[in-house]
Amino acid sequence: MLTTYFTCPAAIARLEATACGPHLDDYTGWLAERRYRRSLIRLYLFGIVPLGRWLEANTLGPRDFDHLALERFRTHRASVGQWRHASGKIKAAFLGAQRFHEYLVDRATVEAAPDRAGRL
């Protein structure tokens, strides 16, 4: 499925070399099933590269990318100025990491965040 969105062997190799690589074909299909536009799927996939680097730097894998790790990744992206654009809009790379987390929850690879509704 990944090759449906990328034809450049170097781009595919860069994506597959990340800690997330084994999940990318299924993740790409998961995004397509949800009718994300082709251009957005490509942006979300490019966001996997910094996520994969962060996971590796923190000795984590996709099975460790739970809601707490997602928050740590957001904090990291903010600390290096890569979370929001100057306009305030959240960058696609982080949104791709969020979607990847949702995919992992959907596939029961990680647990969803506890529901905080109704708690004081």
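Is R99 buried or exposed, going by its relative accessibility? R99 comes out at 13% relative accessibility, so R99 counts as buried. By buried I mean under 20% relative accessible area, with exposed over 50% and partly exposed in between, using a 1.4 Å probe and protein chains only.

Quick word on the model before I go on. This is a predicted model, where local features need pLDDT of at least 70 and side-chain atom pairs count only at pLDDT 80 or more, while totals for chains, interfaces and linings use all residues. Residues are numbered from 1 along each chain as its sequence is written, and side-chain values use heavy atoms, with hydrogens and water left out.

Okay, back to R99. E102 makes a salt bridge with R99, and their closest N and O atoms are 2.9 Å apart. For a salt bridge, I'm asking for a side-chain nitrogen of Lys or Arg within 4 Å of a carboxyl oxygen of Asp or Glu. Both E102 and R99 sit in helix 7, 3 residues apart, which is about one turn of the helix. Helices here are DSSP runs of H or I, at least four residues, numbered from the N terminus. E102 has a relative accessible area of 33%, so E102 is partly exposed.

By that rule we get 6 salt bridges. Let's look at R34, which bridges to E33 with the closest N and O atoms 3.5 Å apart. R34 also bridges to D106, again with a closest N and O separation of 3.5 Å. R34 is in the loop between helix 3 and helix 4 (38–46), and D106 is in helix 7, so this pair ties together parts that are 72 residues apart in sequence. On accessibility, E33 is exposed at 56%, R34 is partly exposed at 37%, and D106 is partly exposed at 42%. Zoom out a bit and you find D26, E33, R34, D106 and R107 linked in a network of salt bridges.

Now, the aromatics. There are 12 aromatic pairs in the structure. Rings of Phe, Tyr and Trp (the six-membered ring for Trp) pair if their centres lie within 6.5 Å; planes under 30 degrees apart are stacked, over 60 edge-to-face, and the rest tilted. Take Y27 and F100: they're edge-to-face, 5.1 Å centre to centre, with 90° between the planes. That pair links distant parts of the chain, with Y27 in helix 3 (residues 24–33) and F100 in helix 7 (residues 92–106), 73 residues apart. Both Y27 and F100 are buried.

Then there's F73 with F94, a stacked pair at 6.2 Å centre to centre and 20° between the planes. F73 is in helix 6 (residues 67–79) and F94 in helix 7, so here the pair ties together parts 21 residues apart in sequence. F73 and F94 are both buried too.

Both pairs belong to one aromatic cluster, made up of Y27, W30, W54, F65, F73, W83, F94, F100 and Y103. What lies over the face of W83, at 4.2 Å from the ring centre? That's R84, and R74 lies over the face of W83 as well, at 4.6 Å from the ring centre. The test for a charge over a ring is NZ of Lys or CZ of Arg within 6 Å of the ring centre and within 35 degrees of the ring normal.

Last stop, helix 3. Its buried residues are L24, Y27, T28, G29, W30 and L31.

Terms used
Helix = DSSP H or I, 4+ residues; strand = E, 2+ residues; numbered from the N terminus.
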